[in-house]
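Please examine the fold shown below with attention to its helix packing, its backbone exceptions and its pockets. The account that follows takes these topics in turn.

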Amino acid sequence: MSSGFLALEDGTVFPARSVGAPGVAFGEAVFTTAMTGYQETVTDPSFAGQLVAFTAPMVGNYGVDDARLESTQPWVKAALMRRCGGDAWAQWLTAKGIVALEDLDTRKLVLRIRDAGAMRAAAVADENDLGPDDALELIRQQPTMEGQALVSAVSSVEPSVFNEDGRVRVAVVDYGAKTSIMRRLREAGAAVTVFPHVTGADDLAGFDGVMLSNGPGDPEPLVDEVAAIRDLLGRTSVLGICLGHQLLGLATGHETYKLPFGHRGTNHPVLERSTGRVLVTSQNHGFAVAPTDEKEATYVSLYDGTVEGFDFPELDARSVQFHPEAGPGTHDAWPILEGWVDSLVPA
């Protein structure tokens, strides 16, 4: 282990120790309140371009397992921890080329992000020639997350069959889809084909259902993707998750905006408006659909009133901002995926 530090664009510097790969990682500093699921977090494409601080006091204490991966590679720029809980985790991060810092005051860091908002930052490991002042100058040359269209960096390049057998045929539009989503669809009885983010409506309309996946970045620059969704609506059943929910919102005339510090963790309360039931959900997003009183808004965040779900019966389209596959997370929202697949089966 060797020295390192985290520098924020506001000039705040946190000393730390490097337990991962050497180098400098630039990105947006954010935090997740999940107590478990560290491997799932770093391999979730929705975290592309971000330095992720874990609020759990120890990370890595139950080892690593390839069965937990959400994609074939990590997408976070850096892992920020109070304590690295085991050699296996540190070795895995190092082998994957991920900058990782421990002995970092994550409580102070999270409070700073909560008060000032997510901001550009640099995680520096084993770079003796790069001091905080130099890092700060480089940080301010980096783009902000607002306005960034990142899905092209994480999406599939070609269509692929995830599994051939099933009682219904589902297309997943890959804006940065997590593997656990496809696994849950397969377990629910769907034959799943994954398509790149640029796929047009005509190539999707022949499926029994189309899932709009999660993904990173700002939804507003994705004008072609929104146009494709608008063209698809009413031609087959649609379910959006996370970024897919935001894109469905844009396609139906709603607005999105950047949250101050986002919703990331496995303990986010969401109100189901039709029943008054509260779901504890898994979330990972820095942008949201603006609050609305329109009847199609089926779920709302109990933190800030942002729209957490839509239902458009006349278009056979619905969405949720949270993650019903719960990888990782609570299982309150599990029935949503199975219920949607069941609805696709001909009567």
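In this predicted model, the buried residues of helix H10 (335-344) are Ile336, Leu337, Trp340, Val341 and Leu344. These residues lie on the same side of H10, because the arc that they cover around the axis is only 130°.

H10 also takes part in the surroundings of another helix, H6 (179-187). Within H6, the residues Ser180, Ile181, Met182, Arg184 and Leu185 are buried. The partners against which the buried residues of H6 pack include H10 and several strands: E8, E9 (168-174), E10 (190-196), E11 (209-212) and E12 (237-241). After H6 comes Gly189, with a positive phi near 105°.

H6 contributes to a pocket as well. Both strand E8 (160-163) and H6 provide at least two residues of the lining of the largest pocket. This largest pocket holds about 320 Å³ of space. It is lined by 15 residues, of which Ser71, Thr72, Ser156, Asp174 and Ala177 are the closest to its centre. By class, the lining comprises seven nonpolar residues, seven polar residues and one charged residue.

At least two lining residues come from each of strand E3 (23-32) and strand E7 (119-125), and E3, with three residues, gives the largest share. This lining divides into six nonpolar, five polar and six charged residues.

Cys242 is located in the loop that runs between E12 and helix H9 (243-251). Its relative accessibility is 1%, and Cys242 therefore counts as buried, the limit being under 20%. Asp316 occupies the loop between strand E16 (307-312) and E17. Its relative accessible area of 33% makes Asp316 partly exposed.

A further exception concerns the peptide bond between Gly327 and Pro328, which is cis, with omega about 0°. Pro328 belongs to the loop that connects strand E17 (317-320) with H10, the helix whose buried residues include Trp340 and Leu344.

Conventions
Residues numbered from 1 in each chain as written. Predicted model: local features only at pLDDT ≥ 70, side-chain atom pairs only at ≥ 80, totals over all residues. Heavy atoms only, no water. 1 Å grid on protein atoms, 1.4 Å probe; cavity = no way out; pocket = protein on both sides within 12 Å on 5 of 7 lines; lining within 4 Å. Points joined across faces, edges and corners; volume = space filled by probe spheres on them. Helix = DSSP H or I, 4+ residues; strand = E, 2+ residues; numbered from the N terminus. Nonpolar A, V, L, I, M, F, W, Y, C, P; charged D, E, K, R; others polar. Buried < 20%, exposed > 50% of the residue type's maximum accessible area, 1.4 Å probe, protein only. Contact = heavy atoms within 4.5 Å. Arc of directions from axis to C-beta.
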